[in-house]
Amino acid sequence: MHRIVLIITVNVDSGLTLLVNFFVGTSFFLYWDVVRFQLMVIRLLEIIELACGLDSGEDAHRETVIKVGVIKRCGEILGIRSLKENSFKKLTDSLTCSDQPVGQFGLVNVHNNVSSQQQYTESFQEIVRLRLTVEDSVELCKEGVGGTYFIRDEQNDFIAVFKPCDEEPGALLNPKNIIKKPLMPPGGGAIREVAAYLLDKNRAGVPETVFLRNVIHRQLNNGDRMIPKTGSLQRFVPNIGNAGCMGSSIFSVGDVHNIGLLDIRLLNLDRNAENMLITKNGNDFRLVPIDHTYSLPETFGYIYYEWHHWRQAKIPFSQQTLQWISNLNPEADAKILRELGIPEAAITLMKLSTILLKAAASCGFTLFQIASLITRRRMTEPCQFEKFIALAKHQYSLGVLEQLALEFIHSLKQ
Ligand SMILES: Nc1ncnc2c1ncn2[C@@H]1O[C@H](COP(=O)(O)OP(=O)(O)OP(=O)(O)O)[C@@H](O)[C@H]1O
Ligand SMILES: [Mg+2]
């Protein structure tokens, strides 16, 4: 008899945990879950089939224990992850949910899983450096087009994300043979990741990000010989997927506004759904912005914001947010960026977008309306922001630029 013990964690919505002890061949199983029994029965066969698939390796004929994290939302089981194989399979191909293993055991109660995160608040870099001396602590992220690596702690949990400059999309040592023209020349992504963290100042929740030098590790893409690498290091955020996994209505107005404001200040060219992770604490879903490689461009181009047409973007800013926007200081932000080594042309664009944002918000524009100024309706048709850039040319005084922005916004309102 082939005996499978499934430890299945379901019911992400309510945070309940269900333990199923299932014996294949004897039709005996034990369960408890008062809320979702029906759903459980409907999906059980699928789960078992998938679990058997995961376990079809060399010891398939022996008695096997498989622990499986079941990922579920809105009454639908998205997939399961075998801890033994450390793999994750989708139940249906149509799902857009991230394939990435998340946390140590399935996706339930992610906030219970951050203990190791809190421990390294003080010495994030030091702990990561220590882990980098361990052979198998680094793992290439299968998603995305860049060389993005997860770093594990002693408990095998992901604690950090490292993105070396020489493995960015289009760079010589990029490990992913994906032929796709990068949105910006390679090599400048890491400082932009750091810049986004510093400019955000914990408002939208960009995870702590630092610049890390002299990283030597066999698992990185080293080419012919091991070379010290430089790149961005970001805290890993335990998550239940990305914004593409759920209907946008579940996200809070505050989160959407804060990410939107950050994206406008940074002129982020890459705010797609995958670059907003979702964390869950009870019934509280939060958005976490990641991947700012393609922010702070030196030349303005086509921008697409995933959140642009979300309901929340059309809701007026709160008084608190309006106050925060009015306190934004483009000169102070420029100083931070200059010290990091961000090119002057990118700094100028950031200043202009911040000035226009402030003027528009003070005139009662919503996030949706401001984003509409920044984005082109058609690929080649200039947007209002581009017209403002032309107007602002050769103006260097902040006061003059602010006045110009106000007049520009008023002219649009007429
Ligand atoms: N701080 C983080 N915490 C948790 N997961 C992360 C974090 N940063 C990145 N990831 C995961 O790694 C994936 C790839 O990261 P990221 O998007 O930053 O890299 P990329 O290679 O530049 O990808 P892209 O193709 O989107 O440009 C993300 O989609 C996400 O699943
Ligand atoms: Mg990405």
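Me: What makes Asn214 count as exposed or buried?

Reply: Asn214 has 9 other C-beta atoms within 10 Å. A residue is buried if 20 or more other C-beta atoms lie within 10 Å of its own, exposed if 12 or fewer, and partly exposed in between, with C-beta atoms placed from the backbone. Asn214 is therefore exposed. Its place is in strand E10, and its phi is near 55°, a positive value in a residue other than glycine. Please keep in mind that this is a predicted model, where local features need pLDDT of at least 70, side-chain atom pairs count only at pLDDT 80 or more, and totals for chains, interfaces and linings use all residues. Residues are numbered from 1 along each chain as its sequence is written, while chains are lettered from A and ligands numbered from 1 in the order in which they are written.

Me: And Asp291, how do you know whether it is buried or exposed?

Reply: Asp291 has 25 C-beta neighbours inside 10 Å, so it counts as buried. Asp291 also has a positive phi, about 60°, although it is not a glycine. You can find Asp291 in the loop between strand E13 (284-289) and H6. For the chain of 414 residues, 39% count as buried.

Me: What is called a helix or a strand here, and how many does the chain have?

Reply: Both are DSSP runs numbered from the N terminus: helices are H or I with at least four residues, and strands are E with at least two. On that basis, the chain has 11 helices and 13 strands.

Me: Why are E7 and E10 said to stand at the edges of their sheet?

Reply: The open sheet has five strands in the order E7-E8-E9-E11-E10, with antiparallel pairing. Strand E7 (138-140) and strand E10 (209-215) each have a single partner strand, so one side of each is left without a neighbour in the sheet. Neighbouring strands are turned by 35° against each other on average, direction ignored.

Me: How do you know that E7 pairs with E8?

Reply: Two strands pair if DSSP finds at least two bridges between them. Three bridges join E7 to strand E8 (residues 149-152), and the two run antiparallel. Leu140 stands opposite Tyr149 in E8.

Me: Why is H4 called roughly antiparallel to H7?

Reply: Two packed helices are described by the angle between their axes and the distance between the axes. Axes are lines fitted to C-alpha atoms, for helices over the stretch in contact, and angles run from 0 to 180 degrees between N-to-C directions. Helix H4 (residues 189-200) and helix H7 (residues 330-340) pack at about 150°, with axes 10 Å apart. This makes H4 roughly antiparallel to H7, since angles under 35 degrees count as roughly parallel, over 145 as roughly antiparallel, 65 to 115 as roughly perpendicular and the rest as oblique.

Me: Which residues make that contact?

Reply: Residues are in contact if their C-beta atoms, placed from the backbone, lie within 7 Å. H4 brings Ile191, Val194, Ala195, Leu198 and Leu199, and H7 brings Asp333, Ile336, Leu337 and Leu340. H4 also lies across strand E9 (158-164), E10 and strand E11 (229-235), running at about 150° to E10.

Notes: Contact = placed C-beta atoms within 7 Å.
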